[in-house]
Amino acid sequence: MTTTLPALKEWVDSVASRTQPDRIAWCDGSEDEYRALIDEMCASGVLSPLNQDKYPGCYLHLSDPSDVARVEHLTFVCTESEQDAGQNNHWMAPDEAHAKIDTLFDGAMRGRTMYVIPYCMGPIDSPYARLGVEITDSPYVVVNMRLMTRMGSEALQRIEKEGTFVKGLHSTGDLDPERRFIMHFPEELTIKSIGSGYGGNALLGKKCHALRIASYQARTEGWLAEHMLIVGIENPEGEVHYLACAFPSACGKTNLAMLIPPESHEGWRVWTLGDDIAWLHLDGEGMLRAINPEAGYFGVVPGTNEKTNKNAFDMIRADTIFTNVGTTEDNEPWWEDKKVGEPARDWQGRDYDPENGPAAHPNSRFTVSATRNKSYSTLADAPDGVPISAIVFGGRRKELAPLVYEARDWNHGVLVGAGVASETTAANIGEVGVVRRDPMAMKPFCGYNFADYWSHWLSFADRSDKLPKIFHVNWFRQDNDGKFLWPGFGENLRVLRWIIDRCEQRIDAQETPIGYLPRPEDIDTNGLDVKDATMEALLSVNVEQWREEMSSVGEYLDSYGERLPDALRSEHEKVVAELAEAS
Ligand code: OXD
Ligand code: MN
């Protein structure tokens, strides 16, 4: 197999002449190809089969212990002007970046196979889908890309027809963190990544293409590429509302996307369209519609159990690739909080010893096709996507942010999104548990200057009067003893119901300086062991703390200087003024 598209052929040839692979394999995305690669990797030790009776089609990959998460400090956006990348990104001049990384690619694939992976982000026949080709020397990346994207012959045909595609070059190199870089050239629709075989560093369709490059493209083309799950909530009358929710990495997006209605909610159903990324477009009527560019999930494993996410727990019982989990004596995958079984070996393949830390790495992952999810919505394949009723932002905050509040209008909602802060998690290499600003949950993923990004968001208010309402939620508020106040998981449906009622104008709300809040009695707590006082606490706005918060948000926004849109500044001033008046 090769291609009829000269630009693609020339690029593949030029990469091969630099990297010097032993052979080139064009991936067709077939089941046979997948199986052959799995068998090859089991023979070479890159993968090992898990217990095939209990976990059929499941395999384990243990990564290099230095290569276990995204590496934001080694991730660069390389635009001609440093200001275009913004202070939210690490920047390097494109010439310097190409020169630096190309040297590392010289001869990097000697003795290896170079795989060419044509892929389509989004339903193959969607006008909103975008195309890419990843070249990699990792067969592990190929099989993951097959689960995560629509990859192979059909994608290649569309690439040949349209002629435009994102070029992604990846090599695991020598896995030396000193020679690890993830570089993006949005002006050239190009990604170059070397030195890591892990997740978002290596599966270039995901964070690199569908967020960093796509957010840049989206700005020039008038749409939004966001770090959002897409979920459909169906009430007992059969009415479905679709929500797009942005949360920082490892804050429960997959759980919310697959939420199982609690027993108290007979007749309710939840449909998953996506668990990580949404591409949002205005349609001819001014409705914001979402597609999920991905076709699979690369989810955090620890914490997944029958109670927290039964759909995910069942979904990963077959045809799943596990990365960096532990194993039991009879070779089942094991992770902290699985609630069944005992670990025998840890994620480094050593005999399990609690002295060495957890059996599964906190950022261990499953890769699985979305179609294995029981709550999968076939509308995930709809070319026009689904209409979005509400956008929901959230973060992991011990205090301050109430369980839920609603922005007054779109522009205020952009301020709410821009002010999102959350505790850092193991999804990135770095300190865990430190609160940082993570606007729209896009801090690690926006491919251009945040100030321009907020202007782009604000511009939607001039383009449509049918935009979704914007909300903020916080499932993670704690009492003074560090106990979570809200039960979370399936019970979050109770909060989503209030959100939907607000969208349908079925319920009033209290106006506060930070936006509209439910009264404690507006959230249905029937059958829940949550006391009235707890609901009061969950829905309280501590004016003093919010003044401090707004002053910190103000400082953060000001750090973007001249480029910060005036409309955002004035939204901030409005909230500050309301807080000043409040008692
Ligand atoms: C992810 C992340 O893997 O956000 O989705 O880190
Ligand atoms: Mn993510």
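Predicted model: local features only at pLDDT ≥ 70, side-chain atom pairs only at ≥ 80, totals over all residues.
Local features are reported at pLDDT of at least 70 and side-chain atom pairs only at pLDDT 80 or more, while totals for chains, interfaces and linings use all residues. Residues are numbered from 1 along each chain as written, chains are lettered from A and ligands numbered from 1 in written order, and side-chain values use heavy atoms, without hydrogens and water.

**Manganese site.** The manganese ion (ligand 2) has Lys207 (NZ), His227 (NE2) and Asp276 (OD) as its protein donors, lying 2.2 Å from the ion. Donors are N, O and S atoms within 2.8 Å of the metal (3.2 Å for Na, K and Ca); water is not among the atoms, so sites may look incomplete. Along the chain, the donors follow the spacing K-x19-H-x48-D. Lys207 belongs to helix H8 (residues 205–221) and His227 to the loop between strands E12 (224–226) and E13 (228–234), so this pair ties together parts 20 residues apart in sequence. Helices (H or I, at least four residues) and strands (E, at least two) are DSSP runs, numbered from the N terminus. Both Lys207 and His227 are buried, meaning under 20% relative accessible area (1.4 Å probe, protein chains only).

**Ligand 1.** The residues around ligand 1, with a heavy atom within 4 Å of the molecule, include Arg70, Lys206, Ala427 and Phe445.

| Side chain | Distance to an oxygen atom of ligand 1 |
|---|---|
| Ser249 | 2.5 Å |
| Arg365 | 3.0 Å |
| Asp276 | 3.2 Å |

Taken alone, ligand 1 exposes 210 Å², of which the protein buries 92%; these areas come from the Shrake-Rupley method with a 1.4 Å probe.

Technical notes:
Buried < 20%, exposed > 50% of the residue type's maximum accessible area, 1.4 Å probe, protein only. Polar contact = N/O pair within 3.5 Å; in protein donor to acceptor, adjacent residues only side chain to side chain.
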